[in-house]
Amino acid sequence: MKNKKKIQNRKREYFKWTLILFILSFLLSATLNYISSYVSERLPVIISFILLFCIILLGIIFDIIGIATTAADEVPFHAMAAKKVKGAKVSVWLIKNASKVSSICNDVIGDICGILSGALSASIVFYMAKNSKANPILLSILLTAIVAGITISGKSIGKYFAIQKSNEIVKICGKVLGIFLKM
């Protein structure tokens, strides 16, 4: 009987977490898409390229954070927390909740950044094709290949870095989040 209740509680908790991820993904995606669409329609194409690069970089950074939290060692952060080092308690929380942190960083934010970079790339191609005699198919292929290359190679380098420097990355994240969260 006790086991059944535990299983039901886990299912309920998992369903809640999935619902939270859906809502978070929806809101972040809608907000970021609105901002990128607004910027790409009203500002020069160079600003759209800068925004595109920022979105790709954001995806890479959050991928690094997600990997680092799963690879970090909790023990040194307990010692830091005992010494009242700023952000150490938040770092412990991040590591203890590594699966959720990784889901948010890698899946929610990472996937949204991937989708937005594709949408923004299409918007840039449309703008460039409309305002020049460039071949839209060639532009699309070229920009898609560049975005994919930067994203994939950036995440590859980031994963190596995240694993090698996981404790340092989590420490920085703990300090930054510690500004906003009081633990």
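**View 1. Packing of helix α3 against helix α4 in the predicted model.** Helix α3, which spans residues 75-82, packs with α4 at an angle of about 155°, and the axes of the two helices are 8 Å apart. Because angles over 145 degrees count as roughly antiparallel, this value makes α3 roughly antiparallel to α4. The crossing in which α3 passes α4 is left-handed.

**View 2. Residues in the contact of α3 with α4.** On the α3 side the contact is made by Phe77, His78, Met80 and Ala81, while α4 contributes Ala88, Lys89, Ser91, Val92, Ile95 and Lys96. Sorted by class, the residues of this contact comprise six nonpolar, two polar and two charged.

**View 3. Crossing of helix α5 and helix α6.** The axes of α5, which covers residues 98-130, and α6, which covers residues 136-164, come within 9 Å of each other and cross at roughly 155°. The two helices are therefore roughly antiparallel to each other, and α5 passes α6 in a right-handed crossing.

**View 4. Residues in the contact of α5 with α6.** From α5, the residues Gly110, Ser117, Ser121, Ile124, Val125, Met128 and Ala129 meet Pro136, Leu139, Ser140, Leu143, Val147 and Lys155 of α6. By class, this contact has eight nonpolar residues, four polar residues and one charged residue.

**View 5. Spans annotated as transmembrane.** An unreviewed UniProt entry carries the annotation "transmembrane region" for residues 43-62, 108-128 and 134-152. In the model, the span of residues 108-128 is 100% helix and 0% strand, and its end C-alpha atoms lie 30 Å apart. Over residues 134-152 the chain is 89% helix and 0% strand, with the end C-alpha atoms 27 Å apart.

**View 6. Confidence of the prediction along the protein.** The mean pLDDT of the protein is 90, and 98% of its residues reach 70 or more. Among the elements of the protein, helix α4, residues 88-96, has the highest mean pLDDT, at 96, whereas helix α1, residues 2-42, has the lowest, at 81.

Conventions
Residues are numbered from 1 along each chain as its sequence is written. This is a predicted model: local features need pLDDT of at least 70, side-chain atom pairs count only at pLDDT 80 or more; totals for chains, interfaces and linings use all residues. Side-chain values use heavy atoms; hydrogens and water are left out. UniProt positions are given in the numbering used here, feature names are shortened, and annotations may be inferred rather than shown by experiment. Helices (H or I, at least four residues) and strands (E, at least two) are DSSP runs, numbered from the N terminus. Axes are lines fitted to C-alpha atoms, for helices over the stretch in contact, and angles run from 0 to 180 degrees between N-to-C directions. Angles under 35 degrees count as roughly parallel, over 145 as roughly antiparallel, 65 to 115 as roughly perpendicular and the rest as oblique. A crossing is left-handed if the near helix is turned anticlockwise from the far one by less than a right angle, and right-handed if clockwise. Contact means heavy atoms within 4.5 Å. Ala, Val, Leu, Ile, Met, Phe, Trp, Tyr, Cys and Pro count as nonpolar, Asp, Glu, Lys and Arg as charged, and the others, Gly among them, as polar. pLDDT is the predictor's confidence in each residue, from 0 to 100.
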